[in-house]
Amino acid sequence: MRRADRIVWLLALMATGVAPAAATSCAKPVYLTFDTGHMGIAPLVADVLQRQKIQVTFFLADERTQDGGSSLDDTQAAWWKARAAEGHAFGSHTMSHLRWLADRPGGRFEMRPDAGPHAGKRVTVDTATYCAEIAAPAERFKAITGRVMLPLYRAPGGKTSPKLLQAASSCGWTHVGWSDAGFLGDELPSDRHPNASLLKQALARIQPGDILLAHLGIWSRQDPWAPTVLEPLIEGLKARGLCFATLREHPRYGAAR
């Protein structure tokens, strides 16, 4: 990392409330990330992360939860405050889990929210509206925790276009996807992709530098991925000499601001 980029990265890091010293101990990192979901397995995920003493990156959207609320409501606030206090990193997943469908003329985008008052409906948004969608989870996160998100976001499903990424960039947001080997499969059907197969594949394929993707609960998954796969995966990767870092420490995304 260039000196100028490192200075910018350190300033962004300090804004999150996490000491820079936490970013210096991982030689062969992988970057485990979680998108929000129905939050049913969130307590189990937190237990594993605490037990394994690792930090991860969460991407936040206000999705429907198993208790009838949403993932950023007051019921979930204590969970997010605890994760922030533990030093995890955070990015946006768009407030209404807004999925890109197509570019439209005039710098507009056809999209479909999975949550909120227009859930399941096709909507057309402009750049300002899209930027507000990305920024809303950051505002809610700061209200809950008093801390600042990284200027990173993940589009639901990873669906984007060059124009959509340009729109997000115009308001200061950098998109983060995941590595091919980092697709952990927790959103795949359990009958065709059992946990044992997902674990075996991940342990065989993941390499240093990979960004890994999982969720805090998938409605369609009958055999919960966490903690059944999560803890053996972490232990197996550690046994291979890999370690875990947040996207604050990533050579590209850590200097995004």
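Colleague: Which residues does Val-45 touch, not counting residues up to four places away in sequence?

Modeller: In this predicted model, Val-45 has its place in helix α2, and at 0% relative accessibility Val-45 counts as buried. Leaving out residues up to four places away in sequence, the residues that Val-45 touches are Phe-34, Leu-216, Ala-226 and Leu-230.

Colleague: How many residues does the largest nonpolar core have?

Modeller: Nonpolar side chains tend to be buried together in soluble globular proteins. In the protein chain, buried residues make up 50% of the 257 residues. Within the largest nonpolar core, the residues with the most contacts are Phe-34, Phe-58, Trp-80, Tyr-130, Ile-206 and Trp-225, and the number of residues in this core is 55.

Colleague: Which helix gives the largest share of this core?

Modeller: Tyr-130 is one of the residues with the most contacts inside the largest nonpolar core. The largest share of that core amounts to 6 residues, and these come from residues 127-145, which form helix α4.

Colleague: Are helix α2 and helix α7 roughly parallel or roughly antiparallel?

Modeller: Helix α2 covers residues 42-52 and helix α7 covers residues 230-239, and their axes come within 10 Å and cross at roughly 25°. Because angles under 35 degrees count as roughly parallel, the relation of α2 to α7 is roughly parallel.

Colleague: How many residues of the contact of α2 with α7 are nonpolar, polar and charged?

Modeller: The crossing of α2 and α7 is right-handed. From α2 the contact is made by Val-45, Val-48, Leu-49, Arg-51 and Gln-52, and from α7 by Leu-230, Glu-231, Ile-234, Glu-235 and Lys-238. These residues divide into 5 nonpolar, 1 polar and 4 charged.

Colleague: Which residues does a cis peptide bond join, with omega about 5°?

Modeller: Most peptide bonds are trans. Pro-227 has its place in the loop between β9 (211-215) and α7, and the cis peptide bond, with omega about 5°, joins Ala-226 and Pro-227.

Colleague: Is Lys-53 buried or exposed?

Modeller: Lys-53 lies in the loop between α2 and β2 (57-60), and although Lys-53 is not a glycine, its phi is positive, at about 55°. Its relative accessible area is 73%, and since exposed means over 50%, Lys-53 is exposed.

Colleague: Is His-97 buried or exposed?

Modeller: His-97 has its place in the loop between β3 (89-92) and β4 (98-104), and its phi is near 50°, a positive value in a residue other than glycine. Its relative accessible area is 7%, and because buried means under 20%, His-97 is buried.

Colleague: Which residues is Gln-76 in contact with, leaving aside its neighbours within four places in sequence?

Modeller: Gln-76 has its place in helix α3, residues 74-85, and with a relative accessible area of 10% Gln-76 is buried. Leaving aside neighbours within four places in sequence, the contacts of Gln-76 are with Met-39, Thr-65, Asp-67, Ser-70 and Ser-71.

Key: Residues numbered from 1 in each chain as written. Predicted model: local features only at pLDDT ≥ 70, side-chain atom pairs only at ≥ 80, totals over all residues. Heavy atoms only, no water. Core = buried A, V, L, I, M, F, W, Y, C linked by side-chain atoms within 4.5 Å. Buried < 20%, exposed > 50% of the residue type's maximum accessible area, 1.4 Å probe, protein only. Helix = DSSP H or I, 4+ residues; strand = E, 2+ residues; numbered from the N terminus. Axes fitted to C-alpha atoms, helices over the stretch in contact; angles between N-to-C directions. Parallel < 35°, antiparallel > 145°, perpendicular 65-115°, else oblique. Left-handed = near helix turned anticlockwise from the far one by under 90°. Contact = heavy atoms within 4.5 Å. Nonpolar A, V, L, I, M, F, W, Y, C, P; charged D, E, K, R; others polar.
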